[in-house]
Amino acid sequence: MAISSTNPATGETLITFDSLTRPQLEEKLKRAADTFREYRRTNFDERAKLMFRAAEILETEKKNFARVMTLEMGKPINAAIQEAEKCAWVCRYYAENAQKHLADEIIETNATKSYVGFQPLGVVLAVMPWNFPFWQVFRFAAPALMAGNVGLLKHASNVPQCALAIEDVFTRAGFPLGAFQTLLIGSDEVQRILEDPRVAAATLTGSELAGRSVASLAGKQIKKTVLELGGSDPFIVMPSADLEAAVTTAVKARTINNGQSCIAAKRFIVHGQIYEEFEKRFVESMKALRLGDPMNEQVDIGPLATEQILEDLEQQVTVSIAAGAKILTGGQRAKFEGELARGNFYEPTVLVDIPRDSPAYRDEIFGPVASLFRVANIDAAIELANATTFGLGSAAWTNDANERDRFIDALDAGCVFINGMVASDPRLPFGGVKHSGYGRELGEFGIREFVNIKTVWVK
């Protein structure tokens, strides 16, 4: 099986790799298991030294890494540079904080000494997506390696150069060769790896379907999993909000990463008192976005990552329109100088009057398409925000303290942002509820997902 890297802005195949053969995969599994036996005995200072070096490489070479990201999945180049910088941040965060997060916790009992210790689990398989091809991996790898685990990366098949570049970062930083390995394989090999007794656990960021598959396979083997799946995040705006700031942030929250983010705001729920003004400003701002070559620093939105993603988005919009939704702007493949773009470009789009049974109401939309809703009061806003199977992130804009507290308490999501855009931060736990998955990444909770929380009792 060949794994190809294709430029989504042009459709050009950049490079093709042969996937690993079974003997090659076996060699990597053996190396990971052998490395773990030695690596787990290193101390935090040794691991931190290596992780600081990885951060240094990421920062020094951020423009090179950004170019690879943009070429493979179409991320605007400035956003790609910021992604590399954020990866350096998470490496430094865990280099500085892992020992504190995993320090023994003394518990007073009738024993001479009793405490809770934290020990690494072993080889962890990471099944990662293409949309944040560096960040999604590093936010797993930094805590996992600092905890003493080793990692195997099965990255999305459309970003093989990113996957190999990440392995190279850890290798050049000085980590043992088996501490972090990229596996250029198809998804059909995931079951074999999860069933291997040398693999202790798995983490997946991706679609609900992929999450169900990995969770089911790991469950049969009684292996720990962390799942970060899709989202249909609400963005609520109340009359007391700073409307200008809300609109500016709303546009960014919907179109970040060309609209291809699980925590991108997708459903904009606006109180009737300010709805007309919000809609007017929001549509004007979406129309003003610059679509084009993601290597151009002046461009706001690049192409969707693959032709299939573009086709799926078109289908979701078409079905929603047929069901009764109306287009305020966009709604079709982009044209440059009157001709359809060669790459996977889709116009920034705003939909209103969206029926309950349409994709724009109920499904995750992966692309620059916003669903706009009018509500009469805070109760209706919360009800609509929670009317989804997902529960990843949520944002609410209000300067009313009582409304703020209501949103914090009532929104069904793994995170609630008040007067801000949902984002991941190395210092805070990240993850969802309902069909958005379980477990947490980042912060103190994230590093404790793949450790044995061991009770020790000494008389």
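**Helix pairs and selected residues**

Helices here are DSSP runs of H or I with at least four residues, strands are E runs of at least two, and both are numbered from the N terminus. Before going on, this is a predicted model: local features need pLDDT of at least 70, side-chain atom pairs count only at pLDDT 80 or more, and totals for chains, interfaces and linings use all residues. Residues are numbered from 1 along each chain as its sequence is written, and side-chain values use heavy atoms, with hydrogens and water left out.

Back to the pair. Two packed helices are described by the angle between their axes and the distance between the axes. For H5 (residues 135-146) and H6, the axes come within 12 Å and cross at roughly 30°. Axes are lines fitted to C-alpha atoms, for helices over the stretch in contact, and angles run from 0 to 180 degrees between N-to-C directions. That angle makes H5 roughly parallel to H6; the cut-offs are under 35 degrees for roughly parallel, over 145 for roughly antiparallel, 65 to 115 for roughly perpendicular, and oblique for the rest.

Which residues of H5 and H6 make the contact? From H5 they are Val137, Phe138, Ala141 and Leu145, and from H6 they are Ile166, Val169 and Phe170, where contact means heavy atoms within 4.5 Å. By class, that is 7 nonpolar, no polar and no charged residues. Nonpolar covers Ala, Val, Leu, Ile, Met, Phe, Trp, Tyr, Cys and Pro; charged covers Asp, Glu, Lys and Arg; the others, Gly among them, are polar.

Staying with H6, its 14 residues, 160-173, should span 20 Å at 1.5 Å a residue, and the end C-alpha atoms are 20 Å apart, so the two agree. The expected span is 1.5 Å times one less than the number of residues. Buried residues in H6 include Ile166, Val169 and Phe170, along with Glu167. Buried means under 20% relative accessible area, exposed over 50%, and partly exposed in between, with a 1.4 Å probe and protein chains only. After H6 comes Gly174, with a positive phi near 105°.

The second pair is H13 (residues 378-385) and H14 (residues 401-410), packed at about 25° with axes 11 Å apart. That makes H13 roughly parallel to H14, and the crossing is right-handed. Ile378, Asp379 and Ile382 of H13 meet Glu403, Arg406, Phe407 and Ala410 of H14. This contact has 4 nonpolar, no polar and 3 charged residues.

Now single residues. Thr249 is in helix H9, residues 243-255, and counts as buried at 17% relative accessibility. Beyond four places in sequence, Thr249 contacts Phe235, Trp397, Gly420 and Met421.

Arg192, in helix H7, is partly exposed at 41%. Outside four places in sequence, Arg192 contacts Arg22 and Leu25.

Last, backbone angles. Most residues other than glycine have a negative phi. Ile222 has a positive phi of about 55°, sits in the loop between H8 and strand E9, and is exposed at 77%. Asn419 also has a positive phi, near 55°; Asn419 lies in the loop between strands E18 and E19 and is partly exposed at 31%.

Definitions and conventions. A crossing is left-handed if the near helix is turned anticlockwise from the far one by less than a right angle, and right-handed if clockwise.
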